[in-house]
Amino acid sequence: MVERRKPLVLSSTKALINSLLNSSRTQEIHGIDRNSQSSGDESVLLRAGILRLPKDRKGISDAKVASFDDSALVGLPTSVLKKLSITSGSLIFVKNVETNIKRIGQAFVLDPPSAPEHFCDNNLPFSQSPPAMIVFPSYSYPPDQLVPLDQEVAYVSPLLAFNLRLHVSCFKSLVHQGTETLASLFEVKVDEDTNGKGKKASIISLRLEPCVELPRYASHLRISFVKIPECGTLESLKGSSSIEAEDRQEMIDLALQNYFEKDRYLTRGDLFFIYINWTCKSSLCIPCGQKMQNDNNDIIYFKVMAMEPSDERVLRVNRTKTALVLGGSVPSAVPPNSLISMSKEFVPLQGDTVKNLASILTPPLCPSALSSKFKVAVMLYGLPGCGKRTVIKYVASRLGLHVVEYNCYNLMASSERKTSIALVEAFKTARRYSPAILLLRHFEAFRNLVSQMGSPLDQVGINAEVASVIREFTEPVMEDEDIYSEENSTSDFGDEIVSKHPLLLVAAADSSEGLPPTIRRCFTHEIGMGPLTEEQRAEMLSQSLHVSGLLPNAASDDLIKDIVGQTSGFMPRDMCAVIADAGASLIPRQDIQFDKVEPGNFGEKRSVVLKPELDNKPCDDASQVLGKEDLAKALERSKKRNASALGTPKVPNVKWEDVGGLEDVKKSILDTVQLPLLHKDLFSSGLRKRSGVLLYGPPGTGKTLLAKAVATECSLNFLSVKGPELINMYIGESEKNVRDIFQKARSARPCVIFFDELDSLAPARGASGDSGGVMDRVVSQMLAEIDGLNDSSQDLFIIGASNRPDLIDPALLRPGRFDKLLYVGVNSDPSYRERVLKALTRKFKLHEDVSLYSIAKRCPSNFTGADMYALCADAWFHAAKRKVLDPSSDSNCADDQANSVAVEYDDFVKVLGELSPSLSLAELKKYELLRDQFEGSSR
């Protein structure tokens with residue numbers, strides 16, 4: 001039997017049939033329109049936008065969209081799909097016009113035909129979600145409500161935007177527009193005109209082209225972990241057991257299998273991430289509790305290192321077709337928080353510091369011939385607890401940088417010669433995480449780098465070694481300008497473009513003073529951080545209490561205002577401690593139940609979990625809501641902790657009721673202190689304020705008590721300075737102590753500095769007999785510091801007290817310094833003395849027959865306030881002694897309390913007969929002559 005001969009087919013006809021068959025098969029799989037193959041010029045230029053998708057992807061109701069590659073989605077209007085001659089689900093090439101980097105994306109329609117007609121109306125505002133990174137308009141899919149869709153924007157997924165280097169284009173655009181526009185990227189408050197101008201002027205474009213060929217499947221895919229410092233430190237998984245590590249690896253493997261269930265389109269050098277929720281299932285575990293509060297801790301980043309076949313630029317990856325190889329770790333940048341996350345993160349309150357630091361760190365991240373020559377080494381200094389590390393980490397998260405921390409005290413080895421070696425290792429380790437910020441904390445440790453016993457040559461040599469290490473690792477790497485030329489890039493996909501990952505140095509210190517000049521000159525910028533203002537403290541307290549649900553909405557503003565008035569000088573660390581202490585007081589009130597938990601994925605052990613009946617929402621339950629008493633007690637405990645430091649400013653507990661008389665002096669002081677505080681707008685025109693008051697007069701008339709009462713009633717911090725405690729035997733230390741006193745007062749504003757016994761601290765220059773002239777230098781330093789107060793705001797005051805103003809240096813008494821002299825003397829008026837006795841005995845239990853007016857009339861004319869205090873104290877002591885010796889009273893009686901002692905009139909009379917005035921009439925006459933001398937000269 002003769003076989004039937006096969007039909008002859010021309011080779012050209014066979015190629016055409018195969019292409020049509022492949023086209024139909026491709027349409028069945030991905031719906032690609034092959035009509036675009038006939039013309040290669042179909043491309044559309046659109047503005048870049050960011051597509052926001054739900055984290056769990058379960059909120060996407062459209063099953064077809066849910067099956068797409070969510071890391072490469074491109075949301076487009078129907079009109080754009082028509083121009084490209086493609087359908088929803090087709091593959092397209094997306095190209096960053098500025099950097100010429102191209103990636104493959106999967107298009108889908110945002111306005112299907114079932115949408116209302118006004119969905120595409122260009123006359124209505126388009127903004128549905130806040131813009132991403134200020135420049136990119138964003139669109140949340142699926143939308144909560146139907147809003148008009150901008151027909152000129154291509155919304156790409158955040159990961160695709162990162163692989164296209166859109167964030168770098170954004171940084172470039174904002175840097176070119178100036179610091180104010182760049183500050184808006186970090187959510188720092190700027191003028192609305194500037195912010196709006198930046199949004200309109202910054203347009204980053206994408207070019208879209210249809211993909212005519214479906215990428216091949218990859219046979220092998222090799223990926224690596226992206227190196228991320230563990231919790232900002234260099235310790236990796238310390239204390240973790242092998243069981244926990246094995247369980248964590250199993251979760252990662254399972255997540256990768258789920259990730260590659262659908263086709264993924266990858267290029268060498270691409271970044272992708274997975275979510276894992278690994279916890280130990282215990283509410284007592286602090287690290288796991290912190291992870292639950294921060295969703296970004298659940299993200300693990302991977303980088304594509306190699307794919308087979310290697311001659312293809314873009315390949316499809318699916319777990320059924322591709323062998324996945326995971327191993328090693330590589331340095332890589334990560335997407336900025338503002339690009340990848342929709343959650344609202346905490347913004348530091350020091351907006352000026354954030355703006356300055358961001359304007360320094362952002363330009364080196366923009367690859368160009370100029371930025372490759374930038375040297376960045378920043379010194380950030382401020383008082384301990386002011387939030388330096390918080391600001392650095394916030395700026396790093398907004399720029400997509402890692403933070404590698406080192407404590408400089410750990411770098412200080414037993415031998416000073418080994419310090420530079422440890423510093424070199426720190427820089428080399430930080431380079432493994434580049435692009436990164438090397439944060440050197442407590443940089444003030446390098447002040448005393450060499451022991452006191454070392455020779456001057458040793459000090460110079462060791463300081464020079466440390467400085468040379470800093471310069472070596474912060475100097476820019478000189479490269480050819482052609483490297484950054486877009487025309488010389490060998491690939492549109494950007495996998496062969498040379499880019500140097502920068503290492504930026506930021507040193508944090510308490511103060512920049514005292515550092516060796518050789519080391520200090522290595523830093524290109526110095527940024528100072530001050531304390532929080534009253535408005536910033538109120539905002540921080542309000543945000544923390546409302547977010548944690550510890551404060552009810554009702555009457556919360558008044559409560560916060562009362563508490564903030566007592567937190568002058570508190571650093572952010574102190575504010576957080578007060579909130580934590582107050583929240584801990586709620587634990588005994590809660591109904592805590594113990595419950596058993598089912599075995600978890602990593603073991604068969606059962607753990608006991610505390611289940612407090614408390615949520616994060618504000619509630620009105622009295623047992624779960626902080627009251628004024630809770631915050632007041634926590635504030636009092638915090639002040640006691642801070643008072644352990646020497647010279648810590650504090651608010652004394654002295655009221656006007658404790659001060660009897662002195663009405664004229666009270667009024668003069670309040671006019672000087674209280675008026676600028678209540679009406680700051682009136683004194684903001686540059687008027688030279690009169691903030692210095694000198695109280696002079698005989699001893700024991702209430703000068704110190706009056707200054708404490710002013711600080712209490714005006715809610716000011718009170719810093720009391722005694723003259724002898726500032727004097728030091730070493731040269732220059734006395735002047736340094738004076739500078740430190742004024743620096744403490746500036747950090748604790750509003751504050752009152754009270755110089756007691758001012759005549760011993762600031763005597764007339766040239767009259768002292770010390771050989772070294774220490775007191776003359778102290779007076780000169782004090783004059784310079786007081787003159788510097790006029791440059792600060794109207795919330796720092798100085799009050800001096802002296803018995804001998806004639807011994808004080810005359811330069812201190814001129815206008816602008818202690819320019820208001822108030823005499824606090826002895827008043828013999830019985831009604832005046834009655835008010836003094838009433839203030840002193842307001843906590844006494846007086847007998848009914850006691851007449852304070854008659855007692856005041858019996859007092860001698862030269863009785864001072866201290867003498868009246870001694871009179872009242874001795875009278876109470878006599879009454880207490882009489883009660884104890886009375887045989888009719890039971891010593892073990894329950895009413896044996898301080899308020900049970902009744903002071904009688906005879907007690908005062910008996911004490912008056914035994915008490916002699918502390919001030920003689922001759923001495924009183926001298927003080928009155930002194931008053932006439934100073935009041936006459938001031939007229």
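**A look inside the largest cavity**

Analyst: Sort the residues lining the largest cavity by class and you get nine nonpolar, three polar and three charged ones. Keep in mind that this is a predicted model. The structure has two cavities of 30 Å³ or more, and the largest has a volume of about 100 Å³. Its lining is made of 15 residues, and the ones closest to its centre are S71, N163, Y265, L266 and D270.

So where does that lining come from? Four elements each give at least two residues to it: the strands β4 (102-109), β10 (264-267) and β11 (271-275), plus the helix α4 (158-163). Now zoom out to the domains. Domain 1 (42-111 + 150-176 + 203-213) contributes to the lining, and domain 2 (214-279 + 294-339) does too, so the cavity lies between them.

N100 sits in the loop between β3 (91-96) and β4, and its phi is near 60°, which is positive even though the residue isn't glycine. R165 is in the loop between α4 and α5 (166-177); its phi is near 60° too, again a positive value in a residue other than glycine.

One joins E308 and P309, with omega about 0°, and P309 belongs to the loop between β12 (299-308) and β13 (314-317). Another runs from S434 to P435, with omega near 0°. You'll find P435 in the loop between α14 (419-431) and β17 (436-441).

Five parallel-paired strands make it up, in the order β23-β24-β25-β22-β26. At the edges are β23 (717-722) and β26 (820-823); each has a single partner strand, so one side of each has no neighbour in the sheet. On average, neighbouring strands here are turned by 20° against each other, ignoring direction.

For Y696, the bridge partner in β25 is S802. To finish, find helix α23 (residues 733-747), which lies across β23, β24 (751-756) and β25 and runs at about 150° to β24.

Key: Residues are numbered from 1 along each chain as its sequence is written. This is a predicted model: local features need pLDDT of at least 70, side-chain atom pairs count only at pLDDT 80 or more; totals for chains, interfaces and linings use all residues. Side-chain values use heavy atoms; hydrogens and water are left out. Two strands pair if DSSP finds at least two bridges between them. Axes are lines fitted to C-alpha atoms, for helices over the stretch in contact, and angles run from 0 to 180 degrees between N-to-C directions. Contact means heavy atoms within 4.5 Å. On a 1 Å grid over the protein atoms alone, a cavity is a set of points where a 1.4 Å probe fits but cannot get out, and a pocket is an open set with protein on both sides within 12 Å along at least five of seven lines; lining residues have an atom within 4 Å of a point. Grid points are joined across faces, edges and corners, and a volume is the space filled by probe spheres set on the points. Ala, Val, Leu, Ile, Met, Phe, Trp, Tyr, Cys and Pro count as nonpolar, Asp, Glu, Lys and Arg as charged, and the others, Gly among them, as polar. Domain bounds come from an automatic or database domain assignment.
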